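User: I'd like to learn how to read a few features of a protein model. Could you walk me through one?
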Amino acid sequence: MPELPEVETIARGLAQNLTGDVIESVWLGNKPEPLKSPPGEIVSTLEQARIAGVRRVGKHIVVELHREEGAAGRKKKQVLRSPTPARQNRVRRGPRSAQDDNHAAQWIVHLGMTGRLLIAQPDVAVAKHTHAILRLRSGRELRFVDPRRFGRLAVVRHGFEAPGSEPLDVGLESFAGLFRQRKTPIKSALLNQSLLSGIGNIYADESLFRAGVRPRRRAASLTRGELQGLYVAVQQVLNEAIAAGGSSVSDYVDSNGDAGFFQFQHRVYGREGEPCLVCRAPIKRVVIAGRSAHYCPKCQK
Ligand SMILES: [Zn+2]
């Protein structure tokens, strides 16, 4: 399942490749699971919308849309498309009026377990399990492919917010506050998306290893020093993973079809029975709340 670093990598790639393009038309498959908004609403929101940007919020990909108007509006737009550069700057940089906001919408993509957003030329064969195809003005297509169908597509009119705090933006005090009086294991608390948004199994295990904290420890039992260490570890792990393009476990690739390589830097995740890179003790695997947790019995207390 793609976690924060993978989604960040994908969102950055999409932002680079798609910003400024216009969605001309939309095809949706007939499987209901991937569509979290009514199909008609998805189509009417996406069609003729300009992609103003793409960013990550938690584990969601948020495509910022600017809706062009109807046929008349499009004509007007064409007049605006070949102006002098000065005019163009003024149009782009001017303050957003209330009217502008009426044209703003967001396309929210959650990749679930196996979801992928691929940029393809139209002559490339459509993969099995393709649930949506957006035809772009540039001639390319953006395709949503998801064999296991845990991914979700939705459109919203108002600012999308993930339920939990953003792990890369949250301050130490707020971070520590999330775990105060929490009786669940710290590993479960890290995975709880209503506390922190975007941390999954891999990065929770890796962060706990670096912080020297066992995954089964009650969240509330962590000392001030341990919370500070965990705070630093979470940010380090996530930033290093983003720099490496994410972790390619199972079939993760980014929007260009490139694999990430942070999996080669995993110190505990997926290394059950292998020697700890610090103390050589065999890495243990336990199951906590139905999820496997990997840790070093010597380095983590
Ligand atoms: Zn160790």
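User: Let's start with Gln193: where is Gln193 found?

Analyst: Gln193 sits in the loop between α7 (186-191) and α8. Helices (H or I, at least four residues) and strands (E, at least two) are DSSP runs, numbered from the N terminus. A word on ground rules: this is a predicted model, where local features need pLDDT of at least 70, side-chain atom pairs count only at pLDDT 80 or more, and totals for chains, interfaces and linings use all residues. Residues are numbered from 1 along each chain as its sequence is written, and side-chain values use heavy atoms, with hydrogens and water left out.

User: Is Gln193 buried or partly exposed?

Analyst: Buried means under 20% relative accessible area, exposed over 50%, and partly exposed in between (1.4 Å probe, protein chains only). Gln193 has 24% relative accessibility, so it counts as partly exposed.

User: And what does Gln193 touch?

Analyst: Contact means heavy atoms within 4.5 Å. Leaving out residues up to four places away in sequence, Gln193 touches Lys59, Pro163, Gly164, Gly198 and Ile199. Take Gly164: Gln193 is 29 residues from Gly164 in sequence, yet their C-alpha atoms are 5.6 Å apart in space.

User: What do contacts look like over the chain as a whole, and how many helices and strands are there?

Analyst: The chain has 9 helices and 10 strands. Among contacts between residues at least 6 apart in sequence, 66% join residues at least 24 apart. As for burial, 49% of the 301 residues count as buried.

User: Now helix packing. At what angle do α8 and α9 pack?

Analyst: Axes are lines fitted to C-alpha atoms, for helices over the stretch in contact, and angles run from 0 to 180 degrees between N-to-C directions. Here α8 (residues 201-211) and α9 pack at about 130°, with axes 8 Å apart. Angles under 35 degrees count as roughly parallel, over 145 as roughly antiparallel, 65 to 115 as roughly perpendicular and the rest as oblique. So α8 and α9 are oblique to each other.

User: Which way do they cross, and which residues of α8 and α9 meet?

Analyst: A crossing is left-handed if the near helix is turned anticlockwise from the far one by less than a right angle, and right-handed if clockwise. The α8 and α9 crossing is right-handed. On the α8 side the residues include Tyr203, Leu208 and Ala211, and on the α9 side they include Leu230, Val234 and Leu238.

User: How does α6 cross α9?

Analyst: The axes of α6 (residues 172-179) and α9 come within 10 Å and cross at roughly 115°. That makes α6 roughly perpendicular to α9. This crossing is right-handed as well. Among the α6 residues that meet α9 are Phe175 and Phe179, while Leu227 and Tyr231 are among those on α9.

User: On to the metal. Which atoms hold the zinc ion?

Analyst: Donors are N, O and S atoms within 2.8 Å of the metal (3.2 Å for Na, K and Ca); water is not among the atoms, so sites may look incomplete. The protein donors of the zinc ion are the SG atoms of Cys276, Cys279, Cys296 and Cys299, lying 2.2 to 2.4 Å from it. Along the chain they follow the spacing C-x2-C-x16-C-x2-C. Cys276 is in the loop between α9 (224-243) and β9 (284-288), and Cys299 is in the segment after β10 (291-295), 23 residues apart. Cys276 is buried at 0% relative accessibility, whereas Cys299 is partly exposed at 24%.

User: Why is the arrangement around the zinc ion tetrahedral?

Analyst: Four donors count as tetrahedral if all angles lie between 85 and 135 degrees. The 4 donor atoms around the zinc ion subtend angles of 98 to 113°, so the arrangement is tetrahedral.

Technical notes
Tetrahedral: all angles 85-135°; square planar, octahedral: opposite > 155°, others 65-115°.
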